[in-house]
Each structure stands twice: as C-alpha cells, then as structure tokens.
Amino acid sequence: MKRKLISVLLAATMVATALTGCGNSSNGNSGKNDAPASTNQEDKADGEGTDAEEPAEGEDAAGGEDAASGDGTTLKWAIWDKDATPYWDALKTAYEEANPGVTIEMTDLGSTDYTTVLATELSGGGSDFDIVTIKDMPGYATLVSKNTLEPLDTYISDAGIDLSKYGGVDSQISVDGKLYELPFRNDFWVVFYNKDIFDAKNVEYPTNDMTFEQYDELAKKVTDTTFGSQVYGTYYHTWRSAVQLFGVLDGKNSILDGKYDFFKPYYDMVLAQEDAQVCRNYADLSAEGLHYSAAFSGGDVAMMNMGSWFISTLMSSIKSGEYDASLCGNWGMVKYPHADGVEPGSTLGTITGLAVTSVSDQKDAAFDFVEWVSGEEGAKVMAETGNFPALMNDEVSGIIAGLEGFPTDAESKEALNVSNLYLEAPYAENVSEINDILDTYHKSIMNREMTVDEGIAAMNDEVGKVLGK
C-alpha cells in the first residue's frame, strides 16, 4: 500500500520518545519514563463482548458503505499523549491515504488516568469510540471484565491472520480462549553495553548467545573497584522486573504461578554482584533516585539490561549532545542472557494493543484499522518513526537498524530478532494484586530486610492466598 509520512516525524520522535512516560506504578516500576505506556504492566486496575452482526452485502455493521470502499467512514480512536507521541499521527496519516474516504478521529484521554477515564466512558453507555488503545495488562483485564471490548476471534479467522507472527503473545493475552486486542507495539529487553569499557579492559564484547553464567563472569571481568575510577560490570534498575523476570525466560515459569522458587538463582547472583561491587547497591539507587539513563550515560556502567524503548532515547540524546558521546557514544546491544538449554533470543516484552469496542456500530471498519495497524504496513510506519512494532520481520528490522545513530555492528542488528517473547505480566484478572505482592518482597530482599529464601516464601504464601491455593 502507498504510504505518506511527514519527513520530520522521525526526528520529532527521537526527541519525543524521551519525554513519553508510562505513568506511575505500584510495583516499583515508576521511572520508566522512556518506556511505552504498555510497559507499566503492573499499574493498579479497577468480559465478554457481543459478536458483530453479519452486515448486509455491500454494507458494514453500521449499515453504511462497506469498509473496503471507505466512503464517508469516520472511526473514533482513543489514545493518550498525542502531542508527545508522533506515531499516532503517522499511523492515522498512512491509513487514511491507503483507505481513501476513511477518517480516523483521535481523542487524547491523557496518560495518567487513561485506563480509568476510558473504562468510565465505555461503561457509561454514552461512548462513541470505535477503537481503543490498550495501555497495559491490568487495563486490558478491566475493560474485558466490564464487557466493553469486542471478541476478535471471528474477525481474525476471517482475515486469515497468522497469530504466530506475534511470537506467542496471543496465548498470553487470551481470556477464556478469546482475544480482545491485537498488539501493534512491542518493547523487549536487551543488554546495552559500552564498547569503550570492554576495549579498555581488553575483554571481548557480550554476544547474542550468552548464558547467565557467562554474563556474570563477563561483568566481573570488566569491573574496576578502584576508588575514583570505578567501573560497574553491570547495572540493575530498582524495578523488580530487572531481576525477577530472568526466571521466566525458560518459558516454563510465569509470575502468575504462585510458586517463585525459580527466582532464587537470580537473586543470589545479583546480591553477590552487589557484594563484589560489580553492580550498584539497590538501597543506594532507591535513596538517590538515579535514573537508568543517567547511570548508563555516565560512562561507568559496562552492561545494562533494559527495554528497547531506551534505544531511541540513547541515539537522540547522544546526537543532541545531552549525553556526552565520549562517555557512552560507542555503544552496542545484544540479546538477553539465557539459562542453560534455553534458546538464545528469549526475552521479556511489553505490548501496546488495539481493540474494537462492543458499542461501536462500525465494527468491521474498526477491525480493518486494527488489522492494518498491527500488520506489516503499520509495522513499517512504527519502525520509520523509531519505535518497535509487535510484528517484526527482516524489512522492519532493517528500517530500525538503518536509523541514524544505531550501532553498525552485526551483533547489535541481530539483537533485534527475538525467538521467544514472554510478557512481563500475562493476562490475569488478579495480575495487579500479584504484582503488588511480588514488588513488596522484592524490595525487602534487595534492601536485605529479608533473606532470599524468606522473601520467596512470603511471595509464595501471599500470592497463594490470592490464587486460592
């Protein structure tokens, strides 16, 4: 399809991405202000929809012209932070050009209370939204439970959409076997590293096939504890996801399990690294409120596990001079480390999705937009604006790798290819409660208020109560 994008969108995005936040969090993930809103999977959250009626031949569900013709169709779309997120306009512009006669009308509900405002509007019966953006998993659970979203399975089947292209995400957002959203944005975790630090130590760079044992040893090799010239081999932000979620990369475990003994080896590793000054101390980070971007851009951190949302911030800040290029300009990235026997490229992800409302009288046309945005054409638009689409292929990866400031080495480009994507928080009605509990005891463990075994036992007990186990 033809696409028409304003040439300045890319430059604008590189600046705006750093300003786009994902709201406050109750799980210790506050501060992800470079991350997409969907990254904040653990925000507090406050069903089934009805199938669309079969439209008459030549008409959409509203009784108007068929969605394919697009004559006189206006679709109303709920979003947040319109001015700070250029891909909203980019998607609108590209879709309207590919579908003459269709107008996408966006309504900015703001970021801070987006889910609450949206749920209130949709539940009140007076909403005229056709399409809504799903900000996070608790918000998704809320909207589904209130019967405000349309099941998409029939539409997906009729359109012949191959869900496997989303890396298994569909099974993690399925509600009683039904899908109520399709993802269009995905941010996944990688390891950023400072090449100059490795060069100075004459140590080989991290690789895309690195076990946790190899990662730990590499971090120790580049660590320098000399006062005044200290270098940290690695860095973990204060979010629980930076430590706990190493344990779900084997595809066997989930934060919804209710038994969290699989966290233990990763807590043991990180706390041992703290003791050896391989990484900064959690308590100090919490007290200082150090942002991860300041930690990496300071030039004394060799490796940092962080989401792909940091890529555009890093590139734009180096280009603008906000970050000192002599300290962090020579950077690269590789895939997440993995446990023995686990496929390289397994990583954590957070998605942003689109859904059709159950009150829309233009469901066919609305789904056409959802399908387009979450498909290959929408993916190209997302990539060209410096963001990561949920659908990744060679062409899309090439667009991102070709952005100005992206590392030119083959390993960094290969790091864009994900083999297995596990959501930080899969769908569950009680996901907010579970996250709150896991966060509470994460803080207790990392502050040395509880031993690892005590903290995990408390998690097992408290989450078990929520799950009725």
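The charged end of Lys135 lies over the ring of Trp80, 5.8 Å from the ring centre, a charge being placed over a ring if NZ of Lys or CZ of Arg is within 6 Å of the ring centre and within 35 degrees of the ring normal. The model is predicted, so that local features need pLDDT of at least 70 and side-chain atom pairs count only at pLDDT 80 or more, whereas totals for chains, interfaces and linings use all residues. Residues are numbered from 1 along each chain as its sequence is written, and side-chain values use heavy atoms, with hydrogens and water left out.

Across the whole structure, 36 aromatic pairs were found. The ring centres of Tyr193 and Phe198 are 5.8 Å apart and their planes stand at 85°, so this pair is edge-to-face (rings of Phe, Tyr and Trp, the last by its six-membered ring, pair if their centres lie within 6.5 Å; planes under 30 degrees apart are stacked, over 60 edge-to-face and the rest tilted). Tyr193 is buried at 1% relative accessibility, and Phe198 is buried at 0% (buried, under 20% relative accessible area; exposed, over 50%; partly exposed, in between; 1.4 Å probe, protein chains only).

Helix α3 (residues 114–123) has Tyr114, Thr115, Leu118, Ala119 and Leu122 as its buried residues (helices, H or I, of at least four residues and strands, E, of at least two are DSSP runs numbered from the N terminus). These residues cover an arc of only 120° around the axis, which places them on the same side of α3; the arc is that of the directions from the helix axis to the C-beta atoms. The buried residues of α3 pack against β1 (73–79), β3 (131–134) and α4 (137–145).

The largest nonpolar core holds 145 residues, of which Trp77, Val132, Tyr140, Phe192 and Phe310 touch the most other members (a core is a set of buried Ala, Val, Leu, Ile, Met, Phe, Trp, Tyr and Cys residues joined through side-chain atoms within 4.5 Å). Strand β4 (residues 182–194) gives the most to this core, with 8 residues.

Strands β4 and β6 run antiparallel and are joined by 4 bridges (strands pair if DSSP finds at least two bridges between them), with Asn194 opposite Trp331 in β6. From strand β6 (residues 331–334), Trp331 and Met333 point one way and Gly332 and Val334 the other, all being buried.

Asp176, in the loop between α6 (169–172) and β4, has a positive phi of about 50° although it is not a glycine. Asp176 is exposed at 73% relative accessibility.

Note on methods:
Contact means heavy atoms within 4.5 Å.
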